[in-house]
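Here is a short note for a colleague who is opening this model for the first time. Please keep the structure in view while going through the numbered points.

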Amino acid sequence: MTINKRAANATEESLLRIFTIPEAPDSTLGRIEQEISQNLAGFLGSHIAAKETALTEIEKDFDCSKIPEQPAFVSDHMHHLLEKLVSQSVHTSSPSFIGHMTSALPYFILPLSKLMVGLNQNLVKIETSKAFTPLERQVLGMMHRLVYQFEENFYQQWMHSANHSLGAFCSGGTVANITALWVARNNLLRAEGNFKGVAREGLFNALKHYQYDGLAILVSKRGHYSLKKSADVLGIGQDSVIAIPTDEHNKMDPQKLREKCEELTAKNIRILSIVGVAGTTETGNIDPLNELAEVANEYQCHFHVDAAWGGATLLSSKHRGLLNGIERADSVTIDAHKQMYVPMGAGLVVFRNPASVASIEHHAEYILRKGSKDLGAHTLEGSRPGMAMLVYASLHIISRPGYEMLINQGIEKAKYFADIIDQHPDFELVTEPELCLLTYRYNPASVQQLLSKADENTLTNVNNLLDKLTKFIQKRQRENGKSFVSRTRIEVKKYHGRKTLVFRVVLANPLTSKEILKDVLEEQVELAQESSHFLPKLVALSQNL
């Protein structure tokens, strides 16, 4: 590594230089760019999930709060970032990183991202985005059609309409869900007579005008935490997000939903929205969307589907049927940065009715003028990058059949992994994969036998020890850095609904092989033997059977 020995200075000339495009590949900035690309390629080529370095050690490199008075040379600072940041980052593209919904990116995304960043378009208004605005509207049209499958004339009429929108791009599923419920709230509590609407007069006056004693959002117990954030931001209150019990397959129970709707209606609490989940974060399951749509129709409330994870499954002709009923939703959230393999920061929400977003329309004198096609008029976020370009490019380069192959492979891989877990005497499959997500835990055969005959007290004691062993294995595996699975707590029916700690695996990376999955299990068996406390206690209990 070469370090500049002369000091850098903040001068007009040096500042102008860093804003100037390098004239040749062998210029200083050109060489720096090549070196960064080579180092990134080396990092991405590694199969290690993360280096074994404690976070407290990494924090020491970032413990100064002073803004530098002395500028640094770009080359020096680049080496600083490579050493202190890149080398200690999580390798989310690694085939053995199978614990979260962040996966590998197609390599073409890197140069396209450079193009997007270099153009630095701001999608809030046409004056700072020009061609990016119709491109984003087209991508929203494509995603809308993926969900609702309307005829071409529908999209020709509404896709580029100034006063309508088929949806909104945003930073992710959280903002997409907030946007969907914001639209639902404003349409429900719209202007009427002398009442100017909730957007103008606020929730207190809106409830008083419509004579409701409250609002409620109904979602399964597996619903994403962003829905409580949404209720908080919209002034409805987190307690108004009501969790509906799930069945043994982690799907919302429609009968329990209907009973709760009846109860709330009797209390004069208006149901704002029923939220179906298409791909729960913890187990990957899909609610019975058709049945939920029926209940929403019966109670005349907004039907939203949070398909942030599972929405991309619609690209698979083979598995699209798993999401039957999604086309009846008033709004649908999809994260392109999950199973559509684009970088973080690409979420979206689509609306069945292009006029729905009129309820959140905003205008300003200097931008978002009435009648303009500025996208910011119908989005919660103002300034936004042109992430739609990366989705647009991916849809064209990968194509629907290409995405179908990726989706199908992920689901098949999850079924394979579930099979080898099931066949292994010392592992317990906790939830079967519906998409490409499953949960399981290390549970020695002798302990499984003990659990099958245990009384309530023994069941609790053994599961408590298994929870501690699961945590021990998961943390040790993460620290080793060779592979990574996450962990979560879910209610398990055969243990009387007890919240049980389990490994959680997401198999969306196309580079994850069957051999890697076998290695993950082998490593977990080895790590379990390193437990000097929890495993011996479990074995001792099972021997006393």
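1. Two strands are taken to pair if DSSP finds at least two bridges between them. On that basis this predicted model holds an open sheet of 7 strands, with mixed pairing and the order 1-7-6-5-4-2-3. Strand 1 and strand 3 (241-244) are the edge strands, each of them pairing on one side only. From one strand to the next, the twist averages 20°.

2. Strand 1 (residues 167-170) deserves a separate look, since it is an edge strand and yet has both faces covered. Gly 167 and Phe 169 are buried on one side, and Ala 168 and Cys 170 are buried on the other. Strand 1 pairs with strand 7 (residues 347-351) in the antiparallel sense over 4 bridges, and within strand 7 the bridge partner of Cys 170 is Gly 347.

3. How do helix 15 and helix 16 cross? The crossing is right-handed, and the axes of helix 15 (residues 456-480) and helix 16 (residues 514-529) come within 9 Å and cross at roughly 115°. Helix 15 makes the contact through Leu 469, Phe 472, Ile 473, Arg 476, Gln 477 and Asn 480, while helix 16 contributes Val 520, Glu 523, Gln 524, Leu 527 and Ala 528. Sorted by class, this contact has 6 nonpolar, 3 polar and 2 charged residues.

4. Tyr 341, in the loop between strand 6 and strand 7, has a positive phi of about 60° although it is not a glycine. Is Tyr 341 buried or exposed? Tyr 341 counts as buried because its relative accessibility is 4%, where the cut-off is under 20%.

5. The other position is Ser 399, which lies in helix 13 (residues 388-423) and has a positive phi of about 75°, again without being a glycine. With a relative accessibility of 26%, Ser 399 counts as partly exposed.

Definitions and conventions. Residues numbered from 1 in each chain as written. Predicted model: local features only at pLDDT ≥ 70, side-chain atom pairs only at ≥ 80, totals over all residues. Heavy atoms only, no water. Buried < 20%, exposed > 50% of the residue type's maximum accessible area, 1.4 Å probe, protein only. Helix = DSSP H or I, 4+ residues; strand = E, 2+ residues; numbered from the N terminus. Axes fitted to C-alpha atoms, helices over the stretch in contact; angles between N-to-C directions. Left-handed = near helix turned anticlockwise from the far one by under 90°. Contact = heavy atoms within 4.5 Å. Nonpolar A, V, L, I, M, F, W, Y, C, P; charged D, E, K, R; others polar.
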